[in-house]
Amino acid sequence: MLTFGALVVVVVVVVFEVSVVGMAMTQGVQKNTLYVGGLAEEVNESILHAAFIPFGDIKDVKTPLDQATQKHRSFGFVTFLEREDATAAMDNMDGAELYGRVLTVNYALPERIKGGEQGWAAQPSKNPNPLPKP
């Protein structure tokens, strides 16, 4: 009886560990949103939409603007309704040419927190007594 209980615990731990590893590998990657880099200045959201619509229904297209120039920053995001459509678009459009520029197309990563490119590590500690550095 004791051996059976230990076996169950081992199986549960192994299943939990595999689930956590699987989540860590996919966490952060949005499989239906694509990053599209290398956009020419002439490309706007309508043109980007038209270039990617042959691969499936599109939920959203964004080209973030530079605050100083009010022009896009040479990249954009295309969000498909279906993951399979995003995969097909990435497979076909990565390395393709649009308005004389070669595109880089990858799965998008989530936005970084505002205030810096360094992520959570750059944020001030909420602990009033942080441990000293060795």
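How many bridges join strand E2 (residues 58-62) to E3, and in which sense do the two strands run? In this predicted model, four bridges join E2 to E3, and the two strands run antiparallel. Within E3, Val 78 is the residue that stands opposite Val 61. Strand E3 also pairs with strand E1 (residues 30-37), again in the antiparallel sense, and this pairing extends over five bridges. Here Tyr 35 has Phe 77 of E3 as its bridge partner. Strand E3, which spans residues 75-80, is mostly covered, since five of its six residues are buried.

These strands belong to a protein chain whose secondary structure comes to three helices and six strands. Read from the N terminus on, the elements follow the order α-β-α-β-β-α-β-β-β. Of the 134 residues in the chain, 23% are buried, and the chain exposes about 10,100 Å², of which carbon and sulfur atoms supply 59%. When contacts between residues at least 6 apart in sequence are considered, 63% of them join residues that are at least 24 apart.

The largest nonpolar core of the chain has 20 residues, and those with the most contacts inside it are Leu 34, Val 36, Leu 48, Phe 52, Val 78, Phe 80 and Val 105. At least two residues of this core are supplied by each of E1, helix H2 (45-52), E2, E3 and helix H3 (83-93), while the largest share, four residues, comes from H3. With residues up to four places away in sequence left out of the count, Val 78 touches Asn 32, Thr 33, Leu 34, Val 36, Leu 48, Phe 52, Ile 58, Asp 60 and Val 61. Among these neighbours, Leu 34, Val 36, Leu 48 and Phe 52 are also listed with the most contacts inside the core.

Gln 70, which is found in the loop between E2 and E3, has a positive phi of about 60° although it is not a glycine. The relative accessible area of Gln 70 is 48%, so this residue is classed as partly exposed. Tyr 99, placed in the loop between strand E4 (97-98) and strand E5 (101-102), likewise is a residue other than glycine with a positive phi, in this case near 55°.

Terms used:
Residues numbered from 1 in each chain as written. Predicted model: local features only at pLDDT ≥ 70, side-chain atom pairs only at ≥ 80, totals over all residues. Heavy atoms only, no water. Buried < 20%, exposed > 50% of the residue type's maximum accessible area, 1.4 Å probe, protein only. Contact = heavy atoms within 4.5 Å. Areas by Shrake-Rupley, 256 points an atom, 1.4 Å probe, with all protein chains shown as cover. Pairing = 2+ DSSP bridges. Core = buried A, V, L, I, M, F, W, Y, C linked by side-chain atoms within 4.5 Å.
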